[in-house]
Amino acid sequence: MNLTTPMLNIFKIALHQHCTLQDISKQAMKSIGWTSQVLGQLTDVGLITSYFKANIKSSRKIYKIASTSYAMKLRDLILSRPTIDFSSILAGYRLKILLSILFDWKDYKTIAVMSGSSIEMVRHTLPRLRNRGLSMQRKKLHKFNEAAWPELFEFLKELRNYTDANLYLLWKYYDEMIFIVDKEKLVTGELTGFNRYKEYGITVVNVTGCCYLPKRKLSKREVFIHSLLQVNDPRTLHLALTFYIKHKLDDTETMKLAMRYDCYSRYEELRQLPNVSLDIYPAKTFNTLFDKKDFKRIANMYGVKNV
């Protein structure tokens, strides 16, 4: 989705009451034709909807906020921060930059590639976002400041993750997504994650299917990084760590992919697990426990020694 200043201004008018085209045009002090065009853009992206309200003599087309989750969150955001001009935050390239840094730390190059901006544009924009408390910086990495802007975070999250498909979403950025389906016949796109581990010497019994769209050939590193999104218990954590060590994935290319798929923090913690001193260690980014003894058992099963 691309948002413009006119779209945000018209959305702000429409959220206060159910309005006709003429009402909105008058409040915006714009022509009927211009207002109709912007309302069409808002309708196309699922922020505005319309219906006909009949009266005794005729019927009128009424515009109101759409029922999509992100439209509701944008409404809440604007109403909760009435003094903020969100066109200076969300319009144009700034929206894509914010969406790219929403969930985890990223460097300039990754942000530029994901947002379709130049590195120079990213370098110019991020300090301005940081000055408004929208982003945080840690060394050369950047991330959205959820604590300072919780309502904006909720809107951006709903916008970025929105889909009307029946699936369990793990990750999404515009047309690219990774998701879980519970039946083999529902698999679409390319299998990835733990469903592909057996091709690389680590057999994993999967009840569900992890899919990637759009369909294309995936590398071993991509399969591994996608599996980090699936880790939710000690077993899957130990399998992912075994895969990482067995295939010697401690390299720059893997790190780049981890950043793209919002797995930088998970990847960084995974790399440190073989060196922890505790037998049972809380792996915070995975929200589970690392059991050193059980990990060694699994690693030995797949020929990974001396861990």
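Rings of Phe, Tyr and Trp (for Trp, its six-membered ring) form a pair if their centres lie within 6.5 Å, and planes under 30 degrees apart count as stacked, over 60 as edge-to-face and the rest as tilted. By this rule, the count here is twelve aromatic pairs.

The structure is a predicted model, in which local features need pLDDT of at least 70 and side-chain atom pairs count only at pLDDT 80 or more, while totals for chains, interfaces and linings use all residues. Residues are numbered from 1 along each chain as its sequence is written, and side-chain values use heavy atoms, with hydrogens and water left out.

**First stop: a pair of rings**

Select Tyr70 and Tyr162, whose ring centres are 5.0 Å apart and whose planes meet at 80 degrees, so the pair is edge-to-face. Tyr70 belongs to helix α4 (residues 69-80) and Tyr162 to the loop between α9 (150-161) and β6 (168-173), so the pair ties together parts that are 92 residues apart in sequence. Helices (H or I, at least four residues) and strands (E, at least two) are DSSP runs, numbered from the N terminus. Is Tyr70 buried or exposed? Tyr70 is buried, with a relative accessible area of 7%, whereas Tyr162, at 33%, counts as partly exposed; buried means under 20% relative accessible area, exposed over 50%, and partly exposed in between, with a 1.4 Å probe and protein chains only.

**Second stop: charges over rings**

Next, select Lys30 and Trp34, where Lys30 lies over the face of Trp34 at 5.1 Å from the ring centre. Then go to Lys96, which lies over the face of Tyr174 at 5.5 Å from the ring centre. A charge sits over a ring if NZ of Lys or CZ of Arg is within 6 Å of the ring centre and within 35 degrees of the ring normal.

Select Leu152, which, leaving aside neighbours within four places in sequence, is in contact (heavy atoms within 4.5 Å) with Leu77, Ile89, Leu90, Leu134 and Phe144. The largest nonpolar core has 97 residues, of which Leu90, Phe144, Leu152, Phe155, Leu156 and Phe224 touch the most other members. Such a core is a set of buried Ala, Val, Leu, Ile, Met, Phe, Trp, Tyr and Cys residues joined through side-chain atoms within 4.5 Å.

Move to Thr236 in helix α11 (residues 234-246), which is buried, with a relative accessible area of 8%. Thr236 and Phe194 are 42 residues apart in sequence but 8.5 Å apart in space, C-alpha to C-alpha. The side chains of Thr236 and Asp233 are joined by a polar contact of 2.6 Å; this term means a pair of N or O atoms within 3.5 Å, where within protein one must be able to donate a hydrogen and the other to accept it, and residues adjacent in sequence count only if both atoms are side-chain atoms.

Now select Gln230, in the loop between α10 (220-228) and α11, which counts as buried at 12% relative accessibility. Its side chain reaches the backbone nitrogen of Phe194 at 2.9 Å.

**Last stop: the sheet**

Finally, show the four strands that form an open sheet in the order β6-β7-β9-β8, with antiparallel pairing. β6 and β8 (190-191) stand at the edges, each with a single partner strand, so one side of each is left without a neighbour in the sheet. Two strands pair if DSSP finds at least two bridges between them, and five bridges join β7 (residues 176-181) to β9 (residues 209-213). Within this pairing, Met177 has Leu213 in β9 as its bridge partner.
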